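Morning, everyone. Please look at the model on the screen, and I will walk you through a few places in it.

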Amino acid sequence: MLRKLLFQQTPKAYRFLSTQSTLPLLNKCSAFSYCSSSQPEIPPSNSVEQLQDQPKNTISIDRSGLYNPPEHSHEPSSDSELVKHLKDIIKFRGGPISVAEYMEEVLTNPKAGFYINRDVFGAEGDFITSPEVSQMFGEMVGVWAMCLWEQMGQPKRVNLVELGPGRGTLMADLLHGASKFKNFTESLHIHMVECSPALQKLQHQRLKCMDEDSTAEGVDKRFRSTLAETPVTWHATLDQVPTGLPTIIIAHEFYDALPVHQFQRGSRGWCEKMIDVTEDSLFRFVLSPQPTPATLYLMKRCKWAVPEEVEKLNQIEVCPKAMDLTYTLAKRIGVDGGGALIIDYGLNGVVSDSLQAIQKHKFVNILDNPGSADLSAYVDFASIKHSAEEASDDVSVHGPITQSQFLGSLGINFRVEALLQNCTDEQAESLRTGYWRLVGDGEAPFWDGPAEQAPIGMGTRYMAMSIVNKKQGIPIPFQ
């Protein structure tokens with residue numbers, strides 16, 4: 001079946017887009033006063049300036065202006081709706097907010113969040129994902145899903161769930177590539193977990209969905225994808241996806257957008273970095289005066305690490321939502337069967353300071369113009385593994401391996417050869433470029449065009465991990 005799929009011919013229209021420890025002295029954190037960076041202005045670089053723990057030179061923040069707003073002015077304000085909202089939260093709370101809360105508001109605020117009301121993917125958006133580079137990525141994920149389905153015993157009914165489906169490109173390519181394998185596609189009920197109405201609409205179009213009659217009360221409206229005659233349902237959260245059936249879950253570039261908490265080590269222990277507003281109404285970083293709720297997750301993460309791994313770090317990022325999501329996934333897979341595939345960029349260990357903002361394919365300061373740039377952080381794959389294993393004794397975790405290893409073992413080399421047999425010279429160039437971006441490392445050696453447009457490989461920067469029910473054995477290609 002695998003070779004049949006890889007050499008199956010594809011219509012002439014190809015999609016390729018160009019890229020443009022322990023916790024020493026933790027209890028002493030309560031002795032901190034709010035401190036800002038020793039330099040009052042936000043640095044223009046993408047990296048976050050390290051906050052200095054200098055108790056003798058602590059900068060006190062006068063908050064009186066937050067409670068006594070100036071007389072109303074009819075002059076137009078340059079602040080966006082989201083910026084005003086963030087400042088209002090800080091003002092009425094009477095204190096700074098966590099980096100995680102800031103990140104969540106910036107990305108998913110119902111009115112002005114970065115992901116909510118626009119298409120941010122592709123060459124015309126702010127960043128390009130693997131499915132937008134080449135159809136082969138979605139096809140290979142489809143091969144993985146079919147192989148897992150076979151290891152599951154080819155069940156007659158399966159939930160296929162995608163978290164954060166973007167434009168729907170990955171799922172469309174998966175269904176297109178698998179459309180001739182009727183036993184597999186007929187078993188599927190697709191569930192798209194997406195909070196953005198704008199992206200839901202794009203996904204509906206990409207999957208070529210038609211309305212499906214449903215009169216049952218309390219049931220989400222269902223559609224049918226004409227790509228493989230497969231039912232499709234949209235949900236705002238994973239919790240809304242029905243349980244009780246074997247489930248295959250795909251999370252591609254989903255974990256990196258989950259909000260992270262940042263902690264910094266000082267002479268008095270670990271303290272959480274927060275975001276406050278200066279007297280000049282600018283956002284800046286400060287340190288929490290005492291342990292925060294997220295400190296519990298920091299303690300858990302450090303417990304999982306070897307002491308030497310933490311002792312060398314001055315900053316640590318933790319992602320409670322990633323830990324909680326993984327716990328939920330593993331619980332569901334342990335009970336219902338199936339598995340999850342997680343592909344993202346990150347580290348197989350503790351993450352230090354990785355939060356970054358991307359706007360129009362360029363890095364920008366994360367505090368500048370909130371809502372105008374995507375925020376993402378490295379995925380802590382070791383944390384995912386520990387969270388899954390802690391959740392259920394019935395699951396096993398495999399990986400991470402590099403994206404290049406993942407796609408190569410699934411047969412992308414054979415697939416590109418098959419496609420090259422039936423394409424124009426222009427399509428062949430696009431195929432080679434897309435292939436390099438998916439599996440290569442660094443700049444493509446075959447590139448003859450402008451240096452600034454040289455394809456950059458994602459093959460080693462992205463990693464793949466799988467969580468599966470132990471009854472199914474080790475999933476392909478993690479053997």
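**Backbone, helices and a buried strand residue**

Let's start at Lys 208, which lies in the loop between α9 (197–206) and β4 (209–211). Helices here are DSSP runs of H or I with at least four residues, strands are runs of E with at least two, and both are numbered from the N terminus. A word on the source: this is a predicted model, where local features need pLDDT of at least 70, side-chain atom pairs count only at pLDDT 80 or more, and totals for chains, interfaces and linings use all residues. Residues are numbered from 1 along each chain as its sequence is written, and side-chain values use heavy atoms, with hydrogens and water left out.

Back to Lys 208. Its phi is near 50°, a positive value in a residue other than glycine. Most residues other than glycine have a negative phi. Lys 208 is partly exposed, at 49% relative accessibility. The cut-offs: buried is under 20% relative accessible area, exposed is over 50%, and partly exposed is in between, with a 1.4 Å probe and protein chains only.

Glu 229 also has a positive phi, near 55°. Glu 229 sits in the loop between β5 (222–225) and β6 (230–235). Its relative accessible area is 47%, so Glu 229 counts as partly exposed.

Now the whole protein. It has 16 helices and 20 strands. Of its 479 residues, 55% are buried.

Next, helix α7, residues 169–178. How many of its 10 residues are buried? The count is 9, so α7 is mostly covered. Among them are Leu 170, Asp 173, Leu 174, Gly 177 and Ala 178. Those five meet α6. On the α6 side the residues are Gln 135, Phe 137, Gly 138, Glu 139, Val 141, Gly 142 and Met 146. Contact means heavy atoms within 4.5 Å. By class, that contact has 6 nonpolar, 4 polar and 2 charged residues. Nonpolar covers Ala, Val, Leu, Ile, Met, Phe, Trp, Tyr, Cys and Pro; charged covers Asp, Glu, Lys and Arg; the others, Gly among them, are polar.

Helix α6 spans residues 135–151, and it packs on α7 at an angle of about 65°, with the axes 7 Å apart. Axes are lines fitted to C-alpha atoms, for helices over the stretch in contact, and angles run from 0 to 180 degrees between N-to-C directions.

A second pair: α3 (residues 81–93) and α4 (residues 99–108). Their axes come within 10 Å and cross at roughly 150°. The two helices are therefore roughly antiparallel, a label for angles over 145 degrees. Leu 82, His 85, Leu 86, Ile 89 and Arg 93 of α3 meet Glu 101, Tyr 102, Glu 105 and Val 106 of α4. This contact has 5 nonpolar, 1 polar and 3 charged residues.

Last stop, Met 465. It is in strand β20, residues 462–469. Buried or exposed? Met 465 is buried, with a relative accessible area of 0%. Leaving aside neighbours within four places in sequence, its contacts include Phe 381, Lys 385, Gly 399, Pro 400 and Phe 478. Met 465 and Lys 385 are 80 residues apart in sequence, yet 8.7 Å apart in space, C-alpha to C-alpha.

Two of those contacts deserve a second look. Gly 399 and Pro 400 are joined by a cis peptide bond, with omega about 10°. Pro 400 lies in strand β17, residues 395–402. Another cis bond runs from Ile 476 to Pro 477, with omega near 0°. Pro 477 is in the segment after β20.

Notes. Parallel < 35°, antiparallel > 145°, perpendicular 65-115°, else oblique.
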